[in-house]
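I opened the notebook to look up the spaces in this structure and what surrounds them. My entries follow in the order in which I looked.

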Amino acid sequence: MRITFFAAKSYDKESFNKIKDRYPELTLEYWETELSPKTASYVKDSEAVCAFVSSDVGAETIRVLHEQGVKLVLMRCAGFNNVDLEAATKYGIKVMRVPGYSPEAVAEHAMALAMSVNRHIHKAYLRVRENNFSLQGLVGVNFYGKTAGIIGTGKIGAAMAKICHGFGMNVIAYDMYQNPDLDFVKYVELDELLAISDLISLHCPLMDNTYHMINLETINKMKDGVILINTSRGGLIKTDDLIKGIRERKFFGVGLDVYEEETKNVFENREDDILDHSTTSRLLSFPNVIVTSHQGFFTEEALGAISETTMNNAIAFLKGETAGTELN
Ligand code: NAI
């Protein structure tokens, strides 16, 4: 079976090529271009395509892929909010994903963002490079003894809860389902979490009922001086409201690995472009905001697990077996 990869970067090729000899049934074809209805029309002789978080796997793309004879969409990521599953099912296209490749990778990045905004590492780094050894404006807070509020305690949220616990924080959480592994966590209602957390980290998926869950109303319920971290999906936060909250000095710091409007930017070098996204530019203008480009997953361990699971998904599909990673 031939698999056409979209938005394939050098690190994707490297991690898949490392293991491809173990899968003689599969031929891999890497395309740098992103998946969209237009690029989908160029797929030939491929029963499967492999896409990522920034790919457009909406209804129109699915329809075109179906026309081109595609039967399988392999998402090489956990999130699938960019996939129209209803359309895929309608056209008999199976969608599979990599549900958990390294929750620790994302959780460690969430803590890295929290530590960076707390201790102003982004400013300190630049300052010292310019021989400026002043500490003015770099004061942070101890995380030890403070309260971490984790929203969503699935795989990544649980890993983040454990890291916060290791820092000596009181860990509270909000989720509809309590994770039995987290006996040190106190589950509370969302409003209570917002009101008492010093650090809030988002780890729930983007769905209709979580879209813009962080908005002016929920921001107003937060403690002044809170640190907010989002490594989940940009749509969880209403960016205009976040900007209002930042301007009202609600936040000590904000760390975003994901943000609304990221799709055009993600994994692209746009240093010579004038960004036409006003909210992204505004976010980048604040001294207490750090934005990274959806790199939470980006560790050697996670890339290895992604390629392994994706190849195993393809093999399961070929054999007509169930891998447990099917989305439809
Ligand atoms: P998971 O499915 O293991 O856990 C999600 C948890 O959120 C579940 O416990 C679920 O009950 C809970 N949840 C659902 N709706 C909720 C709500 N309204 N309020 C509170 N909790 C709710 O997912 P996992 O693997 O922990 O991933 C979480 C998210 O992280 C993914 O949906 C994805 O968007 C994001 N992600 C980001 C990456 C990055 O590179 N930045 C990489 C991988 C995932």
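Entry one, the largest pocket. I looked up its lining in this predicted model and found that 42 residues line the largest pocket, with His 203, Cys 204, Pro 205, Leu 206 and Ser 232 lying nearest its centre. I then asked which elements give two or more residues to this lining, and noted that they are α5 (103-119) and α7 (155-166). Of the elements, α7 gives the most, with three residues. For the volume I wrote down about 970 Å³ of space in the largest pocket. Sorted by class, the lining of the largest pocket holds 22 nonpolar, 15 polar and five charged residues.

Where does the ligand sit, I asked, and I found that the space it takes is the largest pocket. I counted 25 residues around the ligand, the closest being Tyr 101, Lys 155, Ile 156, Asp 175 and Thr 231. By class, this shell around the ligand has 12 nonpolar, nine polar and four charged residues.

For Thr 231, a backbone N or O atom lies 2.9 Å from a nitrogen atom of the ligand. In the case of Asp 257 I noted a polar side-chain atom, which lies 3.0 Å from a nitrogen atom of the ligand. I then asked how much of the ligand the protein buries: taken alone the ligand exposes 880 Å², and the protein buries 87% of that.

Entry four, the second largest pocket. I recorded about 280 Å³ of space in the second largest pocket. It is lined by 17 residues, and the closest to its centre are Val 53, Asn 81, Arg 233, Glu 262 and Thr 263. When I sorted the lining of the second largest pocket by class, I got five nonpolar, eight polar and four charged residues.

The largest cavity holds about 50 Å³ of space. I listed the residues that line the largest cavity as Ala 7, Lys 9, Tyr 11, Asp 12, Phe 52, Arg 76, Phe 267 and Phe 297. By class, I noted five nonpolar and three charged residues in the lining of the largest cavity, with no polar residue.

Definitions and conventions:
Residues numbered from 1 in each chain as written. Predicted model: local features only at pLDDT ≥ 70, side-chain atom pairs only at ≥ 80, totals over all residues. Heavy atoms only, no water. Near = heavy atom within 4 Å. Polar contact = N/O pair within 3.5 Å; in protein donor to acceptor, adjacent residues only side chain to side chain. Areas by Shrake-Rupley, 256 points an atom, 1.4 Å probe, with all protein chains shown as cover. 1 Å grid on protein atoms, 1.4 Å probe; cavity = no way out; pocket = protein on both sides within 12 Å on 5 of 7 lines; lining within 4 Å. Sits in = over half its atoms within 2 Å of the grid points. Nonpolar A, V, L, I, M, F, W, Y, C, P; charged D, E, K, R; others polar. Points joined across faces, edges and corners; volume = space filled by probe spheres on them. Helix = DSSP H or I, 4+ residues; strand = E, 2+ residues; numbered from the N terminus.
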